Amino acid sequence: MSTPAPTPQQVSASEARAVAEAAREQDWRKPSFAKELFLGRFRLDLIHPHPMPAPDDVERGEAFLAKLRDFCETIDTARIEREAKIPDEVVNGLKKLGALGMKIDTKYGGLGLTQVYYNKALALVGSANPALGALLSAHQSIGVPQPLKLFGTPEQKEKFLPRCARTDISAFLLTEPDVGSDPARLATSAVPTEDGSEYVLDGVKLWTTNGVVADLLVVMARVPKSEGHKGGITAFVVESDADGVTVENRNAFMGLRGLENGVTRFHQVRVPADNRIGPEGAGLKIALTTLNTGRLSLPAMCVGAGKWCLKIAREWSAVREQWGAPIAKHEAVGSKIAFIAATTFALEAVLDLSSQMADENRNDIRIEAALAKLYGSEMAWLMADELVQIRGGRGFETAESLAARGERAVPAEQILRDLRINRIFEGSTEIMHLLIAREAVDAHLSVAGDLIDPAKSLGDKARAGAKAGGFYARWLPKLVAGPGQLPRSYAEFGDLAGHLRYVERGSRKLARSTFYAMSRWQGRMETKQGFLGRIVDIGAELFAMSAACVRADMLGTPAARRLADAFCRQSRIRVEELFGRLWTNTDAIDARVVDGVLGGAYTWLEEGIVDPSGEGPWIADATPGPSKAENVHRPIR
């Protein structure tokens, strides 16, 4: 136990990539619609006919949603915003309903809901107040239940899951003050005792959603490599009331004001070896695998936000008149309403399709879930922004102020603030672009990776060249033509068939563009983040169009088909713009401007202002040691 707690690791770019690469699921044991889409293969058979839930799952899920809706209608959501805290009686009410155990198996005291109905529940409770959705999601999607479900021992499940199902709130602790999306620099240590019965944790974790009120924590910490210990980043279940655990601060944010998010310090915290999840060094792989379905919780709440935005936009624009007509009848406003309606339909299509595929467990949905998170968070933000614009000055005014002067308390500005974080946490948009791009080009790297790796020998490159030659000789000719060029393809979709033909053509064009870029930039491809982001955004749009058409066909109503048609027409315009920007963009000049900014060439442009942020460190000190702060941990009983 003499090994000192490490400070943030100083790692090179190649070392950081190696850590991230080792945490990936290396194999594709099941088919993936989205992976095939990026490869130019439009596998409609993987998503159509739309998969359907079992009748028993529907009955159980709908019964719970009815109870949850009744409960949500009793919540004083304005109080959560006003006091920046979820009242204990609300949390205890959710516990009583069994909402903490929605995804936990019934044999452990949970409700055993499917992913589809878990997401519907999050959308419902999140529409009451997004902080409620965040509480339940952080607890079940990335907190203790999901990692234990996937990687826990029978003994761990018996010990912890019954608590998580009914009474105990959990949190997930990975981020540190100087460690965000680059976990290779993780500093929190877990040093094994001499007899191997315990680990001793030291370090500081930041932005611990639920951490302020949590009873149980999933903590990622680095085990030093030593005799008998593989070492590496490892996952542990930690009791939040253990000696040496201190919640030093409850963080406050522009939105999600009821979020119980804090800074947690570990000083000489002794954790039983039996609380280690999986083997040493498997922590990041456990985290990423957990997020394969865990990421679907965030777009679920984005769908709920879209539904609320549509409801408010419809009701307000019908009664608000300008120039002799309801504002919805003016094209400038009507186009915004059409965007909200069509996009909400598509987001729900993406969410339900991905969730049902997760429940069936027939497909690998790691890319689909990531696309749902990326697309949902970006589009929900745009919809909320459009709602604020539709509401005009009232959109900028708080609900409390509106009520004080006698108007309906519509929290439009609040939803804009609450949704903003979705583009950052559980993988920022920029990180999601890179993560999805890496998965999308996996087939290429598996056959040609050594060919473009400057560190590989000539012999390795020769062998990779032979392997790549065979793959591309079979693959490239299939990108030239396909069903999307035949006028009667997908005729069973009626007037939506043209959109699916567009998706098929777009898929092949996307694959050709990716191949050309890899040929052009080779080992420098990973630095072309603007290009990769556009590639992923095109894939997201094509996936959303596919899901929208399949959902409309399943629903079989004229209204659903009209919404799918409208969405696809809007999406196709965005896709064409993205394809154009693959090769016509400002990436090169932007890079030169950034160099100038960092080099001080434009400091004259900053003159004429005052900076209210003053002085102080950009990153707080996280040196391991005993806490000097008051413990603000507040378990809810």
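**Close-up views of a predicted model**

**View 1. Glu 541 is buried, at a relative accessible area of 4%.** Buried stands for under 20% relative accessible area, exposed for over 50%, and partly exposed for values in between, with a 1.4 Å probe and protein chains only. The residue belongs to helix H21 (residues 529-555); helices are DSSP runs of H or I of at least four residues, strands are E runs of at least two, and both are numbered from the N terminus. Leaving aside residues up to four places away in sequence, Glu 541 touches Tyr 375, Phe 567, Ser 571, Arg 574 and Val 575, where contact means heavy atoms within 4.5 Å.

The model is predicted, so local features need pLDDT of at least 70 and side-chain atom pairs count only at pLDDT 80 or more, while totals for chains, interfaces and linings use all residues. Residues are numbered from 1 along each chain as its sequence is written, and side-chain values use heavy atoms, with hydrogens and water left out.

**View 2. Confidence of the model and its residues 1-6.** pLDDT, the predictor's confidence in each residue on a scale from 0 to 100, averages 93 over the protein, and 98% of the residues score at least 70. Over residues 1-6 the value stays under 50, and the model has 15 contacts for this stretch beyond four places in sequence. Where pLDDT is low, the predicted coordinates should not be read in detail.

**View 3. Helices H12 and H13 are roughly antiparallel to each other.** H12 (residues 331-360) packs on H13 (residues 366-391) at about 155°, with the axes 10 Å apart. The axes are lines fitted to C-alpha atoms, for helices over the stretch in contact, and angles run from 0 to 180 degrees between N-to-C directions. Angles under 35 degrees count as roughly parallel, over 145 as roughly antiparallel, 65 to 115 as roughly perpendicular, and the rest as oblique. The crossing of H12 and H13 is left-handed: in such a crossing the near helix is turned anticlockwise from the far one by less than a right angle, whereas clockwise gives a right-handed one. Among the residues that meet are Ile 337, Ile 340, Leu 347 and Met 357 in H12 and Tyr 375, Met 379, Met 383 and Leu 387 in H13. The contact of H12 with H13 divides into 15 nonpolar, five polar and three charged residues; Ala, Val, Leu, Ile, Met, Phe, Trp, Tyr, Cys and Pro count as nonpolar, Asp, Glu, Lys and Arg as charged, and the others, Gly among them, as polar.

**View 4. Asn 361 sits in the loop between H12 and H13.** Its phi is near 60°, a positive value in a residue other than glycine. With 47% relative accessibility, Asn 361 is partly exposed.

**View 5. Arg 366 of helix H13 is buried, at 6% relative accessibility.** Beyond residues up to four places away in sequence, Arg 366 touches Arg 24, Glu 25, Asp 27, Trp 28, Asn 292 and Glu 439. Its C-alpha atom is 7.4 Å from that of Thr 293, 73 residues apart along the chain.

**View 6. Helices H5 and H7 are oblique to each other.** The axes of H5 (residues 88-97) and H7 (residues 130-142) come within 12 Å and cross at roughly 50°. H5 passes H7 in a right-handed crossing. Val 90, Val 91 and Leu 94 in H5 meet Leu 132, Leu 135 and Leu 136 in H7, a contact of six nonpolar, no polar and no charged residues.

**View 7. Helices H20 and H22 cross at roughly 15°.** This angle makes H20 roughly parallel to H22. The crossing is left-handed, and the axes of H20 (497-521) and H22 (residues 558-583) come within 12 Å. Residues that meet include Arg 505, Lys 509, Tyr 516 and Trp 521 in H20, and Asp 565, Arg 572, Glu 576 and Phe 579 in H22. By class, the contact of H20 with H22 has ten nonpolar, four polar and seven charged residues.

**View 8. Tyr 490 and the His 48 to Pro 49 bond.** Most residues other than glycine have a negative phi, and most peptide bonds are trans. Tyr 490, in the loop between H19 (458-475) and H20, has a positive phi of about 60° and is buried at 13% relative accessible area. His 48 and Pro 49 are joined by a cis peptide bond, with omega about 0°; Pro 49 is in the loop between helix H2 (33-38) and helix H3 (55-72).
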